[in-house]
Amino acid sequence: MTTDTLENTEHHDEHHDQPTGIKRWLFTTNHKDIGTLYLWFSFIMLLIGGALAMVIRAELFQPGLQIVEPDFFNQLTTTHGLIMVFGAIMPAFTGFANWMIPMMIGAPDMALPRMNNWSFWILPFAFGILLSSFFMESGAPNFGWTFYAPLSTTYSNGSTAFFVFAVHIMGISSIMGAINVIVTIMNMRAPGMTYMKMPLFVWTFFITAYLLIAVMPVLAGVVTMLLTDTYFGTSFFDAAGGGDPVMFQHIFWFFGHPEVYIMILPAFGIVSTIIPAFARKKLFGYSSMVYATASIALLSFIVWAHHMFTTGMPLFGELFFMYCTMLIAVPTGVKVFNWVATMWKGSLSFEIPMLFSIAFVILFTIGGFSGLMLALTPVDFQYHDTYFVVAHFHYVLVTGSLFSIFAGTYYWLPKWTGHMYNQSLAHWHFWCSVISVNLLFFPMHFLGLAGMPRRIPDYALQFADFNKWVSIGGFAFGLSQLIFLAVVIKCIKGGEKAADKPWDGAQGLEWTVASPAPYHTFSTPPAIKDE
Amino acid sequence: MTSETPAPVNHKATVKKLMLVVVSMFGFGFALVPLYDVFCDITGLNGKTNDEAVEYTADGIDTSRTVTVQFITHNAKQIPWKFKPLVQHIKVHPGEQKVVKFYAKNQASEPIVGQAVPSVSPGIAAGYFQKIECFCFERQPLQANEEVEMALQFYVDVELPKDISTLTLSYTLYDISEKIASL
């Protein structure tokens, strides 16, 4: 795509009264400010969720109960999951969407800027509510991030109401964010920016936003049922009153499975943007990428019960959900092959964003394969609720989603801050992360296959050696993220001046504006020319 | 460059459509509850048996087959009752009516209302296990230390798939005193 740069570089509108200090951030309706807020918020949540994981790994460093009580251990695993899913990964992608989508489609801002402000600023309250329950008599939620009834109803420790309200607010925030993205993409593309010319990150987040508005309301519904079951005497999931606890799992996973694609589709978009830039080739199979993303999204609605193979489903149900799940490997495989084909015979260079992207492709594929193993009903009976499952979803969420977030941050950081990041520190961050993350999660496969159950604070002696290495990997991975914090802060404060287009192979409208990106970009829409 | 901006698009219309999706998906979440029941009812999945008495229809007794029916009981959340089947298992021919008794005793010093919830395993057989009369259709209010023998009259449908030779009927007993009081 070629574009003329216009005078977008100097578009500082003098007539806007810019509040400064805290008010700038509280009242901002600027997509770049809100994107920044989302990204910082998600990083803080990553550190909090990570700190909880550190305590979990410290407890599991050796067999027996050392540091925490079993009930508190349950609170740790629950809040770790909730914070990482709803607080770290999802807001980080929304942050990218806010920053990049208007610039990528040549729009001056998001379509609904005031709602944008609101959708961010309710988030800290949601997590404030959730985390505050740690300091209450009841303790934090202890029923797992999947909050299965009756653990969260009949056997709740009293934290259900706080949990439900926190999830409601997170859901409202996500839905507002998603509506904003869809309206922006549908109505505000620059003239000539047809759907099939949109950068792939825009496409993947467009589809993700549809998933969000389809399933977040279902999550809101199921937590509402939970609330009334616990406090108002309804019996949605209570067998004593004619309800069914297994139905909880059906409704939850009807939300839950699309949710996992909500957390990975934007990652596909980021990686599909970065790999062509450093392979100096066009993305191989652009339209097949779009169709693959859409098919993954559609299939995600009919596979939910693969989380429930051990609930006593009839054979037909098991076969149906098994085959549908395995079908998802086809569009996902299309994507992986497209990335590899993009790199094939390209003029590769290995800057940090590319390193993270290549690590993503390899390690996400490992997570995908263990997912295929879990999709096989007969073997799932062995793997269910073991560390194999933990290994699987951490490979797709940490070395998948989180690595793509790192890749995207390094890729666009020069555009955001106007400075290049410190190369050697960033290399340290990459290599420490990629080595420690495998030490952390790879042995979990073996632990799971050998039968170590998840969510239990103690384990049998034969698992001791592996768990020690896993914990060491965990501490190393956690500390490595402080290097990332240092890189980002250094980059904001200064560093080598970044060119408008610091990556020579990069494509897209965001590189046609100055670095750092001016506060207002594309107040006049850019002209999109055919290639 | 002319500062010609495209005509402002009506965001409201798009937002309204999207809000409609959100609201209907919220409704869909709740619609899943009756849909789930209907689906399980039609397919006979999840081990739920009939919750109202059925008439005994004498389609004849298939004496060529014998099915073992096992009875087990659980007390949910430590309800202080003694609750057990008086026979552990019986053999029946499909189509043949049988009556079995269950024993319950409230061992607490206050009255408690109990509710037994049945479930059949394997789940696929639940649709063929027909209860003509069952104590699980009613609540069981027992005074302190009161004991009772409760009857279950049932037959196994002759259409029961050939590969099933053993059924397990499980009753879980719940304390619903509080639930009733809150109504």
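**Figure 1. Pairing of strands E5 and E9 in a sheet of chain B.** In this predicted model, B:Gly114 has B:Asp175 of E9(B) as its bridge partner. The strands E5(B) and E9(B) run antiparallel, and eight bridges join them. Both strands belong to an open sheet of five strands, in which the order is E3-E1-E9-E5-E7 of chain B and the pairing is mixed. At the edges stand strand E3 (89-92) and strand E7 (140-142) of chain B, each of which pairs on one side only. From one strand to the next, the twist averages 25 degrees.

**Figure 2. A four-strand sheet of chain B.** This open sheet has the order E2-E4-E8-E6 in chain B, and its pairing is antiparallel. Strand E2 (81-85) and strand E6 (129-134) of chain B are at the edges with a single partner strand each, so one side of each has no neighbour in the sheet. The twist from one strand to the next averages 25 degrees. Where E2(B) meets strand E4 (residues 97-106) of chain B, five bridges join the two strands, which run antiparallel; B:Lys82, for its part, has B:Lys105 of E4(B) as its bridge partner.

**Figure 3. The contact between chain A and chain B.** Here 33 residues of chain B are in contact with 34 residues of chain A. On the side of chain B that touches chain A, two or more residues are given by each of helix H1 (11-43), strand E5 (112-121), strand E9 (166-175) and helix H2 (177-182) of chain B. H1(B) supplies the largest share of this side, with 14 residues. By residue class, the side of chain B that touches chain A divides into 21 nonpolar, 10 polar and two charged residues.

Figure 4. In soluble globular proteins in general, nonpolar side chains tend to be buried together.

**Figure 5. The buried face of helix H4 in chain A.** In helix H4 (residues 113-121) of chain A, the buried residues are A:Asn116, A:Asn117, A:Ser119 and A:Phe120. When H4(A) is seen down its axis, these buried residues fall within an arc of 165 degrees, and therefore they line one face of the helix. They pack against helix H2 (31-59), helix H3 (70-105), helix H5 (123-132) and helix H6 (160-187) of chain A.

**Figure 6. Two loops of chain A that meet at A:Gly346 and A:Arg280.** A:Gly346 is in the loop between helix H12 (329-343) and helix H13 (352-375) of chain A, while A:Arg280 is in the loop between helix H9 (265-279) and helix H10 (286-299) of chain A. Leaving out residues up to four places away in sequence, A:Gly346 touches A:Ala279, A:Arg280 and A:Lys281. A:Gly346 counts as partly exposed because it has 17 C-beta neighbours inside 10 Å, and A:Arg280 counts as partly exposed with 14 such neighbours inside 10 Å. The phi angle of A:Arg280 is near 50 degrees, a positive value in a residue other than glycine.

**Figure 7. Backbone details in three further loops.** A:Phe522 lies in the loop between helix H17 (464-493) and strand E2 (528-529) of chain A, and its phi is near 55 degrees, a positive value in a residue other than glycine. A:Phe522 is buried, with 23 other C-beta atoms within 10 Å. In the loop between H5 and H6 of chain A lies A:Pro150, which is joined to A:Ala149 by a cis peptide bond with omega about 5 degrees. In chain B, the peptide bond from B:Ser121 to B:Pro122 is cis, with omega near -5 degrees, and B:Pro122 is found in the loop between E5 and E6 of chain B.

Conventions:
Residues are numbered from 1 along each chain as its sequence is written. Chains are lettered from A and ligands numbered from 1 in the order in which they are written. This is a predicted model: local features need pLDDT of at least 70, side-chain atom pairs count only at pLDDT 80 or more; totals for chains, interfaces and linings use all residues. Two residues are in contact if their C-beta atoms, placed from the backbone, lie within 7 Å. Ala, Val, Leu, Ile, Met, Phe, Trp, Tyr, Cys and Pro count as nonpolar, Asp, Glu, Lys and Arg as charged, and the others, Gly among them, as polar. A residue is buried if 20 or more other C-beta atoms lie within 10 Å of its own, exposed if 12 or fewer, and partly exposed in between; C-beta atoms are placed from the backbone. The arc is that of the directions from the helix axis to the C-beta atoms. Two strands pair if DSSP finds at least two bridges between them. Axes are lines fitted to C-alpha atoms, for helices over the stretch in contact, and angles run from 0 to 180 degrees between N-to-C directions.
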